[in-house]
Each structure stands twice: as C-alpha cells, then as structure tokens.
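Colleague: I would like a close look at a single part of this model, the surroundings of the ligand. Please take it step by step.

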Amino acid sequence: MARGGRFLTGDATSLQSQGAGWSVQTSGGRVQAEQAVLALGPWADALIRTLGYRFPLFVKRGYHQHYRSPAQLRQPLLDAERGYVLAPMQRGLRLTTGAEFAPIDAPPTPVQLLKAEALAGELLDLGEPLSEPPWLGARPCTADMLPVMGPAPRHKGLWFNFGHAHQGFTLGPVAGRLLAEMVHGESSRVDARPYLPQRFM
Ligand SMILES: Cc1cc2nc3c(=O)[nH]c(=O)nc-3n(C[C@H](O)[C@H](O)[C@H](O)COP(=O)(O)OP(=O)(O)OC[C@H]3O[C@@H](n4cnc5c(N)ncnc54)[C@H](O)[C@@H]3O)c2cc1C
C-alpha cells in the first residue's frame with residue numbers, strides 16, 4: 001500500500017480482455033490493467049475453462065471442528081499414524097481431518113470428522129462441539145501436485161497462479177515473488193519451468 005497498491009473487491013468472472021490488457025468489475029468501478037493475475041485457488045478451474053483451458057485440477061477437501069473441551073492442551077498435537085491434529089485455539093480445541101476426495105461443491109459429509117473425533121476421543125475428553133457447522137476447505141491440487149504459475153499460453157497479459165495444494169500458505173510469499181519476477185521479466189533464483197502452464201497442454 002505504501003508503494004502505491006490498492007485493494008478492491010470484485011468478481012473475477014467479470015474479467016474481460018480490454019484494449020491491450022484486461023479489465024474486471026470491482027466495488028470501485030471497472031478496473032483496467034495491462035497485466036492480470038488469475039489466483040483463484042480451487043475456484044480457478046471454473047474460470048480457466050471459460051477461457052478454453054482444460055487442466056488436470058482437483059481438490060482435496062478438509063474439515064475443522066471446535067470443541068468445548070475440559071482438557072488443557074498447551075500445544076498442537078499431531079497423531080501422524082491416525083491422521084488428525086488437535087490444536088488449542090481461542091475458540092476451543094480444534095480437531096482437523098485428513099484429505100477428502102470430493103468435488104468442491106459437493107455437500108459436506110460427516111465421515112472424516114466422525115472418524116477423527118472417535119480417535120481423538122480415545123486420547124482426550126473433547127467435550128461438546130461448538131454449535132456452528134464444521135469448517136470445510138478445499139486444497140487446490142494439480143495432477144503432478146505442483147502449482148500452475150506463469151503466462152496464460154493463449155492470452156497475452158494474463159498470468160496464472162493457482163494449484164498450490166497443501167502448501168499454499170507456506171508458498172504464498174515465494175510464489176508471489178516468483179510471479180512478480182516473471183511478470184516484470186526479471187531473473188529469478190527459482191527455476192519456474194516445472195510450474196509453467198504449458199506442461200498440461
Ligand atoms: C484443510 C486445509 C488445511 C490446509 N493446511 C495448510 C497448511 O498447513 N499449510 C499450508 O501452507 N497450506 C495449507 N492449506 C492449503 C492452503 O489453504 C491453500 O494452498 C491456499 O489457500 C491456496 O491459496 P490461493 O490464494 O491460491 O487460494 P485461496 O486461498 O483459496 O484464495 C482464493 C480466493 O479466490 C476467491 N474467489 C473465488 N472465486 C472468486 C471470484 N469469482 N471472484 C473473486 N474472488 C473469487 C475466494 O473467495 C478466495 O478468497 C490447507 C488447506 C486446507 C483446505
């Protein structure tokens with residue numbers, strides 16, 4: 001922001017090629033730019049399909065549930081053998097699941113959480129779950145489990161940056177830097193070739 005950036009909220013499905021660049025409808029009106037980056041995580045597939053790209057993308061879903069547990073856990077606990085995590089959070093004890101293979105818009109299922117709840121319950125008294133529905137997220141995955149980063153092969157000035165799978169939080173800063181270097185044609189310490197969209201064409 002201090003260097004001139006602006007945050008605007010908009011709908012990426014309003015993306016249009018305009019003049020020598022791209023435009024998108026936002027709360028601050030229609031915004032135009034020479035370069036646009038499509039970074040929609042698990043929602044990228046729907047938009048790139050409208051542009052004629054068919055990449056092998058899928059999601060791995062995962063759930064969190066908070067419990068009013070009487071147990072006083074002081075640090076997160078990973079049960080690697082049985083595949084769940086318990087973490088003390090401000091809102092209670094958080095139980096997380098492993099990966100569920102399902103379409104992004106499929107209704108939530110109770111299967112994974114019930115299994116993790118039974119396993120974690122052998123170790124600690126979880127208490128009652130909070131009355132809110134479990135959180136459900138989707139990890140944006142590709143067939144080779146590497147992100148898609150680089151210029152959209154058939155659309156000048158459009159860049160792809162999605163598919164960071166299980167590591168998107170961790171990779172965010174370095175992915176942002178690599179993409180900025182690509183957009184500006186700068187050299188990079190990271191070899192971008194494994195991530196280029198062309199590998200799926
Ligand atoms: C259960 C679970 C556990 C995870 N654990 C970890 C972990 O421990 N460490 C780690 O590094 N990563 C983890 N991840 C992965 C990480 O969350 C993702 O890789 C990361 O969020 C991907 O970042 P992104 O910016 O590409 O997509 P997202 O973070 O999904 O952001 C995409 C954004 O696009 C927006 N959007 C969608 N459609 C439109 C539209 N039409 N117009 C405008 N905006 C739109 C969405 O609202 C969203 O804000 C986990 C994911 C899940 C589901």
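Which N or O atom, in the side chain of which residue, is 2.7 Å from an oxygen atom of the ligand? Please go on from there to the rest of the shell and to the domains.

Modeller: This is a predicted model. The residue you ask about is Thr170: an N or O atom in the side chain of Thr170 is 2.7 Å from an oxygen atom of the ligand. Taken alone, the ligand exposes 1,000 Å², and the protein buries 64% of that.

Two further contacts involve the backbone. For Ala165, a backbone N or O atom lies 2.7 Å from an oxygen atom of the ligand. For Gly168, the distance from a backbone N or O atom to an oxygen atom of the ligand is 3.0 Å. Ala165, Gly168 and Thr170 are among the closest residues to the ligand, a group that also includes Ala12 and His166.

In total, 21 residues surround the ligand. By type, the shell divides into nine nonpolar, ten polar and two charged residues. Turning to secondary structure, β11 (135-142) and α3 (168-183) each supply at least two residues of the shell. The largest share, five residues, comes from β11.

As for the site itself, the space taken by the ligand is the second largest pocket.

The protein is divided into domain 1, made of 12-56 and 143-200, and domain 2, covering 62-139. The C-alpha centres of domain 1 and domain 2 lie 32 Å apart. Both domain 1 and domain 2 give residues to the shell around the ligand, so the ligand lies between them.

Technical notes:
Residues numbered from 1 in each chain as written. Predicted model: local features only at pLDDT ≥ 70, side-chain atom pairs only at ≥ 80, totals over all residues. Heavy atoms only, no water. Near = heavy atom within 4 Å. Polar contact = N/O pair within 3.5 Å; in protein donor to acceptor, adjacent residues only side chain to side chain. Areas by Shrake-Rupley, 256 points an atom, 1.4 Å probe, with all protein chains shown as cover. 1 Å grid on protein atoms, 1.4 Å probe; cavity = no way out; pocket = protein on both sides within 12 Å on 5 of 7 lines; lining within 4 Å. Sits in = over half its atoms within 2 Å of the grid points. Helix = DSSP H or I, 4+ residues; strand = E, 2+ residues; numbered from the N terminus. Nonpolar A, V, L, I, M, F, W, Y, C, P; charged D, E, K, R; others polar. Domains from an automatic or database assignment.
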